Amino acid sequence: MCADGPITPGECLSVYDAIRLRRDVRAEFSGDVVDDATLLRILEAAHRAPSVGNSMPWDFVVIRDPATLNKFADHVADKRREFRDALPEDRAETFTPIKIEGIVESGTGIVVTHNQSRGGTHVLGRASVPETGIYSTILSIQNLWLAATAEGVGVGWVSFYDTPVLADLLNLPEHVRPVAWLCVGPVREFQSVPDLERFGWRTRRPLEAAVHWEQFASRP
Ligand SMILES: Cc1cc2nc3c(=O)[nH]c(=O)nc-3n(C[C@H](O)[C@H](O)[C@H](O)COP(=O)(O)O)c2cc1C
């Protein structure tokens with residue numbers, strides 16, 4: 001096990017190592033395109049995620065056509081501008097140097113979609129909490145992200161888009177909803193600190209603040 005020392009992809013990655021090494025990647029894509037064998041191993045890991053009622057409500061659309069990558073990147077650039085323009089001046093200044101996607105540079109986009117109708121009407125475990133469907137799809141993304149990290153492949157989640165625009169771009173059926181555009185590609189390195197921390201946007205919350213023992217708040 002790699003304990004506390006620096007970790008490099010490809011060497012003795014335990015699940016804890018992969019969790020520690022994983023980063024949201026925007027600027028570190030090497031310019032190479034991930035090969036199909038590696039991509040399929042990563043997708044296999046995603047497809048092994050747990051799912052409510054074993055419904056496996058996800059699908060993966062792999063996009064490498066430069067025309068589609070560029071078209072989506074243009075849309076994301078518009079949404080980034082919209083977000084920036086709505087910020088107060090000091091936050092806009094902090095936001096400006098932050099890169100929010102690597103759609104073209106990564107060479108591969110994977111759009112993870114969710115199909116709530118998969119598994120029919122009586123999905124075991126979904127009756128009381130319908131969101132467990134989408135939770136399942138999101139678990140497949142986390143599997144994908146960690147497996148990619150172990151392969152030395154970076155993943156960057158892009159959510160600056162209008163859902164109908166992305167659905168139309170990929171010709172998704174009505175009942176299939178895009179959940180994430182993931183930029184996927186080999187990286188030169190993984191940053192050790194998240195970009196949003198490095199650029200002063202937001203720091204991580206300590207574990208002690210997130211853990212509650214017995215009850216969320218003490219009663220008055
Ligand atoms: C649901 C979700 C949506 C995200 N959307 C974006 C995005 O549109 N652009 C971006 O640069 N990062 C996006 N991120 C990445 C987060 O900013 C990143 O995970 C966070 O800052 C922590 O950094 P780390 O993943 O490197 O630990 C998203 C992450 C999640 C989980």
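I started with the classes: the shell around the ligand has six nonpolar, one polar and five charged residues. (Ala, Val, Leu, Ile, Met, Phe, Trp, Tyr, Cys and Pro count as nonpolar, Asp, Glu, Lys and Arg as charged, and the others, Gly among them, as polar.) The shell includes R22, K99, W157, F160 and P194, with a heavy atom within 4 Å of the ligand as the cut-off.

The model is predicted, so I kept in mind that local features need pLDDT of at least 70 and side-chain atom pairs 80 or more, while totals for chains, interfaces and linings use all residues. Numbering runs from 1 along each chain as its sequence is written, and side-chain values use heavy atoms, without hydrogens and water.

Next I looked up polar contacts (N or O pairs within 3.5 Å). A ligand oxygen is 2.6 Å from a side-chain N or O atom of R23, and one is 2.7 Å from such an atom of R26. On its own the ligand exposes 620 Å², and the protein buries 73% of that (Shrake-Rupley, 1.4 Å probe).

Which pocket does the ligand take up? I found that the space it takes is the largest pocket, with a volume of about 310 Å³. Its lining has two nonpolar, one polar and eight charged residues.

I then checked the second largest pocket, at about 190 Å³. Its lining has nine nonpolar, one polar and two charged residues, among them F83, F95 and W201.

Notes:
A polar contact is a pair of N or O atoms within 3.5 Å; within protein, one must be able to donate a hydrogen and the other to accept it, and residues adjacent in sequence count only if both atoms are side-chain atoms. On a 1 Å grid over the protein atoms alone, a cavity is a set of points where a 1.4 Å probe fits but cannot get out, and a pocket is an open set with protein on both sides within 12 Å along at least five of seven lines; lining residues have an atom within 4 Å of a point. A molecule sits in a cavity or pocket if more than half of its atoms lie within 2 Å of its grid points. Grid points are joined across faces, edges and corners, and a volume is the space filled by probe spheres set on the points.
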